Amino acid sequence: MRTDTGGCDTELMDGPTAHAFDSAARRFLEVSASATGHYDSPGLGEWSVRDLLGHTSRSLTTVETYLDVDGDDSGPVDLADAVAYYLAIAGALADTAAVAQRGRAAGAALGEDPTAALTALVARVPERVRAAPATALVRTPFGTMTLQGYLPTRTLELTVHTCDLAAALGVSADVPHDAVAETFAVIGGLAAAQGTAPAALLALTGRLPLPAGYSVL
């Protein structure tokens, strides 16, 4: 979809990338409904279910925050796509204590009714994404990206952590096809960039198991 902004056409984020993000967000919300009454149960690693919900919700709140701040300004793009983003943040991901604390803080911020807080986020953020220019700039701490380039990182986070949440709650993840396809595209790109794709290909085609501890993140 295009919109006329002062005489020039701007491509909006109302296409497959935005739809995959929307699907992932909605499935996360559906699975999170099963968390009611289990917020203090084990979630992932040292996180409780509430902490895991909070961490995953950041895939929505960070998008909204970036769109609130200079989302449509012009300027250079430092990170071309989701693969470049994950390569850039590798050092930050290694600081597991900081990641864990952000998850706990986000879980606490969901308040007394996490389901209501998440419902409001899922109703609001994907709609804002669809109405934003694909070229809107997202100024992450690790470099500037377009919204089109950044959004698949959020779809990946929503999709993977929905699987984590479903496993913790003992329910089916059943993540949407478009969200899974977007996620695998990023994961495959990371494996290729890191030189570890052959191991993944052999495992996914039933030839050899993955090496112990294998991860692209």
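## A guided look at the helices

Just after helix 7, Gly170 takes a positive phi of about 70 degrees. This is a predicted model, in which local features need pLDDT of at least 70 and side-chain atom pairs count only at pLDDT 80 or more, while totals for chains, interfaces and linings use all residues. Residues are numbered from 1 along each chain as its sequence is written, and side-chain values use heavy atoms, with hydrogens and water left out. Helices (H or I, at least four residues) and strands (E, at least two) are DSSP runs, numbered from the N terminus.

**Helix 7 and what follows**

- Helix 7 covers residues 147-169, and its 23 residues reach 32 Å from first C-alpha to last, close to the 33 Å expected at 1.5 Å a residue. The expected span is 1.5 Å times one less than the number of residues.
- Of those 23 residues, 17 are buried, so helix 7 is largely enclosed by the rest of the structure. Here buried means under 20% relative accessible area, exposed means over 50%, and partly exposed lies in between (1.4 Å probe, protein chains only).
- In the loop between helix 7 and helix 8 (177-194) you will find Asp174. Asp174 has a positive phi of about 45 degrees although it is not a glycine. For background, most residues other than glycine have a negative phi.
- Asp174 is exposed, with a relative accessible area of 58%.

**Helix 8**

- The 18 residues of helix 8 should span 26 Å at 1.5 Å a residue, and its end C-alpha atoms are 25 Å apart, which agrees.
- Ala179, Glu182, Thr183, Val186, Leu190 and Ala191 are buried in helix 8. The buried residues of this helix pack against helix 1 (16-32), helix 3 (82-88), helix 7 and helix 9.
- Gly195 follows helix 8 and has a positive phi, near 75 degrees.

**Helix 2 and its partners**

- Two packed helices are described by the angle between their axes and the distance between the axes. Axes are lines fitted to C-alpha atoms, for helices over the stretch in contact, and angles run from 0 to 180 degrees between N-to-C directions.
- The axes of helix 2 (residues 49-68) and helix 5 (residues 96-109) come within 7 Å and cross at roughly 95 degrees. That makes helix 2 roughly perpendicular to helix 5, a label for angles of 65 to 115 degrees (under 35 is roughly parallel, over 145 roughly antiparallel, and the rest oblique).
- Residues making this contact (heavy atoms within 4.5 Å) include Arg50 and Asp51 of helix 2 and Val99 and Arg102 of helix 5.
- The axes of helix 2 and helix 6 (residues 114-131) come within 10 Å and cross at roughly 30 degrees.
- Among the residues that meet there are Leu53, Leu60 and Leu67 in helix 2 and Leu118, Leu121 and Val125 in helix 6. The residues of this contact of helix 2 with helix 6 divide into eleven nonpolar, two polar and five charged. Ala, Val, Leu, Ile, Met, Phe, Trp, Tyr, Cys and Pro count as nonpolar, Asp, Glu, Lys and Arg as charged, and the others, Gly among them, as polar.

- Ala116 sits in helix 6 and is partly exposed, with a relative accessible area of 39%. Ala116 and Ala33 are 83 residues apart in sequence and 9.8 Å apart in space, C-alpha to C-alpha.
- Ser48, in strand 4 (residues 47-48), counts as buried at 15% relative accessibility.
- Arg207 is in the segment after helix 9 (197-204) and counts as exposed at 57% relative accessibility.
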